Amino acid sequence: MKKIIYLITLTLAVTFVGCNPLEDLYDDIDARETPGVDFIQADEQYTFTAEDYELYEDELGGEEFFESQDQADLILPDFLAEKYPVWGEGSLVNVTYNLFDETVLEPISTSQTLSNLNDIDSFLSTTIESAENGTFVELTYNAEVLAYTLSDSDFETIEDALGSKYPEATSSAARFGNFERRSGRDSYWSDNMIVEAITALLAADYNTGQVLVVNFAIFDGSPGSESFTLQHNGYNFLKLDVEASGSDATEYTLTGDDYDAIAAALTATYPGPGGNLAQFGSFDVRVGSSDNAWTDEMLVEGFNLVLPSATEGDVYVVSYEIFNGSRGTDTMTLLYTGGAYIQSATVVEVATVVAKNDGDWEFPYTFTRADYDSFGFRFPNFSSSNIYILDIFLEGLFPFAQAGDVAMVQYDFFAGGTSTKYGHSVFDGDKWKLTPDVIETSFQYGFEDGVWVPDNTINYVLLGADVDLISNALIDVYPGPADNVGFFGSFDRRTGSSNYWSDEMLLEAFNILLDTRNPGAAEGQKYALTFVVFTGSTGNETKSVIKTDGVWVYQ
């Protein structure tokens, strides 16, 4: 009976490992005390299938990926024990599987002053030009700050925009020209409601990335005022956790006549830039790489020719067309003083999240409290049971999306606790689909002391170049053995031979080899090194080493 089981086991082993380059994979049969079964040692590559993930549907929440490496290390040993019941000590399986690899923010800081998204894109495109699409960065920088004070008519406009959603609050605001801040009142305005109101009022008037200090009247039992520092992300204003003050500014957008007037006045002084402006109606701002480039000083000179007369202390924010490799717009803040406009801006240090998408840096769509409320959520976050709503929302946000379009998103997610997540959703031509941060990875598991455990062992067969490396490195230390192995390509393991390689000599050789081939190997990395030996005839031998305290030692 035992012989029949043995033959079946052997046949399975051939099926599992027939493609392994080491010809004799089951020569070390582990005769453990299990009646009727002989165990084999083998080495296998295995890829987790959809059916395999189904086996652990409850643990994985129906997903075809592991939430963490710890979860994989918990599930895979039991899976391997069932799949390879007759594999024994020293067996290895390299398992390929899908692993959740959460997108994290890459922090970057600069002391530069950046006024809007165009400036941010220009800075990051130069600073981390090799960043891949899907990269999220938390950028800390000095932001140019403008200011705006809500007027009585603004409160009336807010009532028109949000009256159906907040009837009591907007009616009170329009009537009294302030936001009610007493939380017990029906007309109470929360921070989120105020930001929503400012977005409805001003979002269309400011450039993406612009930081704005908004001052407004309140009533909290007595008249008062507050201010919020907000940043426009291309969709909404988001409240920043900084305090700042800014100058009330007048918006001014250059017209075609303005470009013509500047070109006519300054072409004699700046022939290349002036002629280019006259031809294309935009300022070439590629300073250092274009003969037609306009510096900031030249731009200010031109703006002084066309801006309206002002009084001391007036601030203008000028919007103008630029060319920096592609057509776009930029802004500059100017202060009128001493009879002329000068470049001037109030700045505040801010930290903002941007993401690279289709080669450009942009703000992700950040889900707000108003969004979560509109979904009917009790709490301002998604969870595994309702995250599908995120993609439905994007259908309305991007009604003209085309197949392959990608939306970068930032949202709060509850899974035992609430955390901020970053990701992207892809439009397939019909629906948006939030793509989990999943990567295909592989990890090796080994059978040790009767159980499967995570094992980072790298199986490595020495090449001719490796033997040459060892021979050359040790020729002065062990002239006979080193010359012999270099000539024959095999390590003499006959103890009575003058060319004998002892275990200690081999370990010295392995240290030279691995420090050359993998100098950055981490502490605890393991190798199973297979090499040709001569013991009277030629064969293979395998030695296992592990990096400990910076050197390779035998396991």
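In which hand, left-handed or right-handed, do H14 and H15 cross? The crossing of H14 and H15 is left-handed, where left-handed means that the near helix is turned anticlockwise from the far one by less than a right angle, and right-handed that it is turned clockwise.

The model is predicted: local features need pLDDT of at least 70, side-chain atom pairs count only at pLDDT 80 or more, and totals for chains, interfaces and linings use all residues. Residues are numbered from 1 along each chain as its sequence is written, and side-chain values use heavy atoms, with hydrogens and water left out. Helices (H or I, at least four residues) and strands (E, at least two) are DSSP runs, numbered from the N terminus.

## Helices H14 and H15

Two packed helices are described by the angle between their axes and the distance between the axes. For H14 (residues 464-474) and H15 (residues 479-488), the axes come within 8 Å and cross at roughly 155°. That angle makes H14 roughly antiparallel to H15. Axes are lines fitted to C-alpha atoms, for helices over the stretch in contact, and angles run from 0 to 180 degrees between N-to-C directions. Angles under 35 degrees count as roughly parallel, over 145 as roughly antiparallel, 65 to 115 as roughly perpendicular and the rest as oblique.

On the H14 side, the meeting residues are Val-467, Asp-468, Ser-471 and Leu-474, and on the H15 side they are Pro-479, Ala-482, Asp-483, Val-485 and Gly-486. Contact means heavy atoms within 4.5 Å. By class, the contact of H14 with H15 has five nonpolar, two polar and two charged residues; Ala, Val, Leu, Ile, Met, Phe, Trp, Tyr, Cys and Pro count as nonpolar, Asp, Glu, Lys and Arg as charged, and the others, Gly among them, as polar.

The buried residues in H15 are Pro-481, Ala-482, Asn-484 and Val-485. They cover an arc of only 165° around the axis, which puts them on the same side of H15; the arc is that of the directions from the helix axis to the C-beta atoms. Buried means under 20% relative accessible area, exposed over 50%, and partly exposed in between (1.4 Å probe, protein chains only). Cover for the buried residues of H15 includes H14, strand E24 (491-492) and helix H16 (503-517). Asp-483 and Phe-487 are exposed residues on the face of H15 turned away from its buried side. Just after H15, Gly-489 has a positive phi of about 80°.

## Helices H6 and H7

H6 (residues 152-162) and H7 (residues 167-176) pack at an angle of about 160°, with their axes 8 Å apart. This makes H6 roughly antiparallel to H7. The crossing of H6 with H7 is left-handed. Phe-155, Glu-156, Ile-158, Glu-159 and Leu-162 of H6 make the contact with Thr-170, Ser-171, Ala-173 and Ala-174 of H7. By class, this contact has five nonpolar, two polar and two charged residues.

In H6, Asp-154, Phe-155, Ile-158 and Leu-162 are buried. They span an arc of only 100° around the axis, which puts them on the same side of H6. Against these buried residues pack strand E4 (136-149), H7, strand E5 (179-180), helix H8 (191-202) and strand E6 (211-219). Asp-152 and Asp-160 are exposed on the face of H6 turned away from its buried side.

Pro-167 is in helix H7. The C-alpha atoms of Pro-167 and Ser-187, 20 residues apart along the chain, are separated by 8.2 Å.

## Single residues

Most residues other than glycine have a negative phi. Asp-358 has a positive phi of about 55° although it is not a glycine, and lies in the loop between strand E15 (346-357) and strand E16 (360-362). Asp-449, also not a glycine, has a positive phi of about 50° and lies in the loop between strand E21 (438-448) and strand E22 (451-454).

Asn-381 is in the loop between helix H12 (369-374) and helix H13 (388-397). Not counting residues up to four places away in sequence, Asn-381 touches Tyr-372, Asp-412, Phe-413, Phe-414 and Thr-418.

Tyr-97 is in strand E2 (residues 92-100). Beyond four places in sequence, the residues that Tyr-97 touches include Phe-48, Tyr-53, Leu-76, Ile-439 and Tyr-445. Tyr-97 and Glu-67 are 30 residues apart in sequence and 11 Å apart in space, C-alpha to C-alpha.

Relative accessibility of these residues:

| Residue | Relative accessibility | State |
|---|---|---|
| Asp-358 | 65% | exposed |
| Asp-449 | 73% | exposed |
| Pro-167 | 41% | partly exposed |
| Asn-381 | 13% | buried |
| Tyr-97 | 1% | buried |
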